[in-house]
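Dear colleague,

Please find the structure below, followed by a short account of what was found in it.

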Amino acid sequence: MPPRSEGPEELPITADDDVVRVRQLVRTYAQQTKLSLVDQTKLVTAASELARNTLIYGGGGFARVEEVSDGRRAGVRASFHDEGPGIPDLTLALADGWSSGSGLGLGLSGAKRLVDQFDLDTEVGRGTVVTVTKWKR
Amino acid sequence: MTVDAGRAQNLTDLMRDSAEPLIDEWVGVVAALLRGRSTKTELEADFREFFAALLPVVGSDGKDIGGPEFTDLRAFLEEYSRSRVRAGFTPTETASSVFSLKRVVFDLTESSDDPQMFRQLMAFSGLLDALGLLTFESFARVREEIIREQSEQLLELTTPVVKVWEGVLAVPLVGTLDSARTQVVMEKLLEALVETGSEHAIIDITGVFAVDTQVAQHLLKTVVAARLMGAECIVSGIRPQIAQTIVALGIEFGDIVTKASLADALRHALRREGVDVVRSEIA
């Protein structure tokens, strides 16, 4: 098992390999926080979707991963930042099966269903920040 | 060693005249530096070649190292660095063996106080610096080559297509599925289907940690391609957490046959092939 990470950690997302690295980092945090195997897999999959979105649609950016606590339970929070074109129509972007690219159109909506908390902050022309949190049950 | 004051002070001539003792001395210095990891005989053969390629350009200060008169020398250093990297020497050790020649030549000309000779030595020092740096560059380049080779090998290694029964192929997928790997998997699988005339292929994803939409899309494409060739694909090794994730993501596998384990998939394929597996009665 990799050494325990303290505090938030950031990774750049500029290439395909970075998506894998982000995924591994999220996995490390999820294991550390002792999320169940199902929750680990869900969070890692969501991170994979969002990191790829950052890369493909946001033109690259960075991911930040941290352990969080709301006083009662622990969790893992991951945020994905880009300074890309932003999302003009959120309803459409979050609809199943709609993609502005060539994907299945399930990444963003699917990621939302995979986590406990999903925040999307976007402004056309400025960029997008997606923050997801998975709490330990 | 001393310089004959009566002769013209030309570094090239001097080095050519004292080639044997110079190379001897140089080999000695470097052999000590590498602490026996390279034999003197090996070093001597290399350095003799290096020395021969170096002599014609001794007058240069190394600024025009990209020029045609350096072709032999560059080729030699490239090859030398390459063999050093593969043998596990550090770039510092490789570059040091080039730099070591400096000291040996300085020792040779120690007693000379001719300003002309001094200038030639300065130029020579610059030349060796440039050549030493060249070994560093080659080192980095060779390393990159090795990494590229390995990642290509890994690509091949991790995607074996195995025949598990007459007419049934299996592809165990392990690790991360990206576009490049899926492409390889798909090609190998389709080729193997033709070669073996198989009608069933089992794609086992037990070793895949997470199935996201991209992986799913790659899988679906592979299955559709195989179907176009008249083969049926079964996706197996879907663990509980993967199943739940796929459902949450909203991925539809449609009419593709999926199984929890490779054994289930094999049984399904055999049944479709008309093979009955019967446990024999053991007395």
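Are α2(A) and α4(A) roughly parallel or roughly antiparallel to each other? This is a predicted model, in which local features need pLDDT of at least 70, side-chain atom pairs count only at pLDDT 80 or more, and totals for chains, interfaces and linings use all residues. Residues are numbered from 1 along each chain as its sequence is written, while chains are lettered from A and ligands numbered from 1 in the order in which they are written.

The axes of α2(A) and α4(A) lie 9 Å apart at an angle of about 150° (axes are lines fitted to C-alpha atoms, for helices over the stretch in contact, and angles run from 0 to 180 degrees between N-to-C directions; helices are DSSP runs of H or I, at least four residues, and strands of E, at least two, numbered from the N terminus). The two helices, α2(A) and α4(A), are therefore roughly antiparallel (angles over 145 degrees count as such).

The contact between the chains takes 21 residues from chain A and 17 residues from chain B (two residues are in contact if their C-beta atoms, placed from the backbone, lie within 7 Å). On the side of chain A that touches chain B, α1 (16–32), α2 (37–56) and α4 (107–114) each supply at least two residues, and α2(A) gives the most, with nine residues.

In chain B, five strands form an open, mixed sheet in the order β1-β2-β3-β4-β5 (strands pair if DSSP finds at least two bridges between them). Its twist averages 30° from one strand to the next. Helix α8 (residues 213–228) of chain B lies across β3 (200–207) and β4, running at about 155° to β4(B).

With kind regards

Definitions and conventions: Angles under 35 degrees count as roughly parallel, over 145 as roughly antiparallel, 65 to 115 as roughly perpendicular and the rest as oblique.
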